[in-house]
Amino acid sequence: MRYKLLIGGVCLIALGFIAVFPGLFSKYPRGYQDILRSIESSDGTVAWRFAPEAPSDTYHFGSDNYGYDIQTRILWGLRWTLACVIIVALSRTLIGGAAGVLRVLVFGVHGSIRTVSPMAVIPSFVFVFFLLYPMTINSPLGSLRLLLFQCAVMTIFDLGGIISSISLKTEALMKTSFFEGAVSCGANRLWLAKYHIVPFLATDLIEAFATQTVAVLQLVGRLGVFSLFVGGTIMTLDPVMLSSASGEVAGLIGQYRGRLQGAQWMLLYPLGTYLVILGSLRLFVSGLHDQFKKLDRTYY
Amino acid sequence: MRFLKPLMHATGFVLVIIAMALCPILFVVKDGHVVINAAIALGFVADWFSGLADGSSWIFSSGSTTWNFADVVPKFAFVTLSYLAIPGILGLVGGFAFGLTRDPLRSRHRHRFTDTALNALFALPDFVLAVLLQLLVIVVLDITGHKLFTISYDTSHGILLALPLVVMTLYPLIYSYRMVLRSARHTSGASFMVDAEARGVSKASLRYKHMGVAVLASMKTELPSIVAIMMTSIFVVEYSFSLPGMTRWLFTVAFSGSRRGWYDNYQFALALNILLCMAAAYFITMLVLRLTLASLKAAVVHAL
């Protein structure tokens, strides 16, 4: 199943490249807007074009109600989506992984976390919504600071799963003969963690990171449905609208969700881009999982 | 002392939900910094507790009209519970039936396409699936002139719409199906299965009375995961299909504004009341699904 890893990896590298250099692929500069334009034909007649415009040679993905080029918005918004996904997934993996090891090795707590908590009853994205709501709409924090705040909030939730799984794996490692041997020889906790636990958890942590990227992308998408966008939501009075400050891809789906009938391109292209990101991540995760399964992990 | 632990657990549970409802009041941005508005937030909690006695905690406004929570909650709760219980039952029973009808050991290759399709569907987030189904209905309508389903709720139709039911049913169905297959594969090698097969027990009896009962036990342990998936989907489904349920009520009235679709006003008491009702909905759904599994077990053991 190496093809999954290969296709997923190539797609993710391509998406990463586009996110870093959107200007190379974009016909127009960032934030380009043209609500009304004229076209002069060869016989001298002038025709007027109003926003929203359907996909054409001028606007490959069409334009929205306010004349913003959808393709430009997606290309420049991709970096926000990927940045959020990577930052949150990485933070969750590192914090959750460290907490999982510490939980067993230092505090001696065993077994998985299994209680009916409010986190199970009320979905985590609703918790995140309640925390981010006062900061995100017309935020005075600025898009970048807000992104970091949003990432911090998203990291806190859903840590339980990683902590639990890493704890269980640490427990399994602590029952192995090489670990018991090291303990008998007088190894301290730092030594045990550094040489007998963390190296053997590396594949699990990489896999957890990959799985978390998918989970975070879904979380960002759900928040977008409720008009809470990564990088901020701009609420304007005239015209009345809630729009994404960053043009982040999942946010664009939320923003154009009402475009089911008429001007469907506004919804279809961000949705297609979101599915490409999700599909690439899923393929990569699945390929990585299959690859790691092949590795000999006899210590479990 | 026996009741002390559950009581403390329940109190903690309610306190976390109160803290959650307080977040939009507790955290504010002042001069570009996030500050904690603890005094005002605690005042809201005190008002809510005192309002439980005098009834002011039940009052909320929607537009320019004032309503009593107790008067309107049954209507909203009925919609939410319908979209949790019906798809939950359909998903569990369907997943169990499909998973067990398929021979888990011998037909892995034959059902590869079905498994791949179901895995792909399960990988789609609920809000994407909702949009895709709505788009499909519109495309079919544009091409053929025939409207397959209603794409969002309006008062002329009943509360049970096909598309939200499909979205709500699909995830528990696929989850149960995959779980049944996994559990059945695991059970098929168990000593009681080998023993029964050696004693000449019929294939149907082996599959349903032996394997089926074992699979149902593992389904019971996975119920919290299934209900958690459904609790996430209900928020998205009610909002996407404009269903008049509790979660849509939360986002459209508790976070409401002077104009449609706006978030410029927050009603703490209403948000807290709805969240507590959603917690109750979780436990009711769990109970309904536990009863469903018990009924399935009785059916498998006695009727088949």
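pLDDT is the predictor's confidence in each residue, from 0 to 100. You are looking at a predicted model, in which local features need pLDDT of at least 70 and side-chain atom pairs count only at pLDDT 80 or more, while totals for chains, interfaces and linings use all residues. Residues are numbered from 1 along each chain as its sequence is written, and chains are lettered from A.

Start by colouring chain B by confidence: its average pLDDT is 87, and 93% of the residues score at least 70. Now select helix H3 (residues 69-101) of chain B, which has the highest mean among the elements of that chain, 94. Strand S5 (residues 255-256) of chain B has the lowest, 78. Helices (H or I, at least four residues) and strands (E, at least two) are DSSP runs, numbered from the N terminus. For the complex, the predictor gives an ipTM of 0.88 and a pTM of 0.89.

Next, show the contact between the chains: 38 residues come from chain B and 33 residues from chain A. Two residues are in contact if their C-beta atoms, placed from the backbone, lie within 7 Å. On the side of chain B that touches chain A, pick out H8(B), which gives the most, with 8 residues.

Finally, select A:Phe129. Leaving aside neighbours within four places in sequence, A:Phe129 is in contact with A:Leu223, A:Phe226 and A:Leu228.
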